[in-house]
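I opened my notebook to look through this structure one piece at a time. Here is what I looked up, in the order I went.

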Amino acid sequence: MKPPRDDNDLTDPPFYLPQFEEAYQYIIGKYTIAPRDIGIFIPCAVRKPYSESPSHKLFNKLFGEVFPDKSKYHVTIFGTCGTVPAELELMYPFAHYHYMLGNVKDQKIKDDFLEIETRRLIGYLEKTKDTYTHRIAYCIGVFRRAMEAAVSATGINVEIYPTQPVIDKLYDADCPLPEGSLSMQAYLDEFRSALTEMRDR
């Protein structure tokens with residue numbers, strides 16, 4: 001695949017674009033992920049590469065604090081990009097699009113995203129069913145709904161954080177994003193505790 005001229009060339013919903021389906025099929029069919037004790041799933045970010053986004057810098061700092069041994073875990077990024085092993089973040093088209101689902105008002109686009117992303121997560125969970133001993137996801141909103149649907153469809157366990165009681169406690173119906181942000185301290189504290197407990201099993 002030939003990359004675009006610059007990072008802003010791909011601005012349509014990425015989950016519709018053939019480049020993303022082709023990249024997804026490569027990951028599912030040909031890419032090998034080394035076995036790890038823990039598989040961590042985190043949402044994609046607007047800034048590319050993902051690791052340069054404020055949220056991913058925060059998450060990666062947390063992983064480094066919880067896991068002195070990087071061979072203990074593997075990170076997968078999921079969402080509008082599909083499912084992307086973090087080490088492939090620079091691969092086209094994952095570093096070459098600009099899109100934010102949170103700004104979308106069209107319900108059909110949101111419904112289509114949920115359907116497409118659920119399918120992709122199902123494929124990825126099935127591909128990695130013997131790759132990880134434990135799985136944990138950190139997500140809210142429609143990303144969470146897609147993960148929950150994929151878990152239900154496959155029967156492959158993924159512990160999902162923040163938990164619903166913590167989300168309910170922080171929920172603010174008057175905010176544009178009523179569930180808030182994954183950078184909120186209460187969410188991060190619960191996630192840290194869950195990662196630590198999983199590490200020590």
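Predicted model: local features only at pLDDT ≥ 70, side-chain atom pairs only at ≥ 80, totals over all residues.

**Entry 1: Arginine 120**

I began with contacts, meaning heavy atoms within 4.5 Å. Leaving out residues up to four places away in sequence, arginine 120 touches Phe15, Phe20, Glu21, Tyr24, Gly82 and Thr83. I noted that arginine 120 and glycine 82 are 38 residues apart in sequence, yet 6.2 Å apart in space from C-alpha to C-alpha. Arginine 120 sits in helix H3, residues 107-127. Helices (H or I, at least four residues) and strands (E, at least two) are DSSP runs, numbered from the N terminus.

Is arginine 120 buried or exposed? Arginine 120 counts as buried because its relative accessibility is 1%. The cut-offs are under 20% relative accessible area for buried, over 50% for exposed and partly exposed in between (1.4 Å probe, protein chains only).

Residues are numbered from 1 along each chain as its sequence is written, and side-chain values use heavy atoms, with hydrogens and water left out.

I then looked up pLDDT, the predictor's confidence in each residue, from 0 to 100. The protein has a mean pLDDT of 92, and 94% of its residues reach 70 or more. Over residues 1-8 the pLDDT is below 50, and this stretch has 16 contacts in the model beyond near neighbours in sequence.

**Entry 2: H1 beside H3**

Helix H1 (residues 18-29) packs with H3 at an angle of about 15 degrees, and their axes are 10 Å apart. That makes H1 roughly parallel to H3. Angles under 35 degrees count as roughly parallel, over 145 as roughly antiparallel, 65 to 115 as roughly perpendicular and the rest as oblique. Axes are lines fitted to C-alpha atoms, for helices over the stretch in contact, and angles run from 0 to 180 degrees between N-to-C directions.

Which residues in H1 and H3 meet? From H1 I listed Phe20, Glu21, Tyr24, Gln25, Ile27 and Ile28, and from H3 Arg119, Arg120, Gly123, Tyr124 and Lys127.

Leucine 125 counts as buried because its relative accessibility is 0%. Apart from neighbours within four places in sequence, leucine 125 is in contact with Phe41, Arg135, Ala150, Val151, Thr154, Ile156 and Val158. Leucine 125 and alanine 150 are 25 residues apart in sequence and 7.9 Å apart in space, C-alpha to C-alpha.

The axes of H3 and helix H4 (residues 141-154) come within 8 Å and cross at roughly 50 degrees. H3 and H4 are therefore oblique to each other.

**Entry 3: Two cis bonds**

Last, I checked peptide bonds, most of which are trans in general. Where did I find cis ones? Lysine 48 and proline 49 are joined by one, with omega about -10 degrees. Proline 49 is in the loop between strand S1 (36-43) and H2. The bond from tyrosine 92 to proline 93 is cis too, with omega near 10 degrees. Proline 93 lies in the loop between strand S3 (82-85) and H3.
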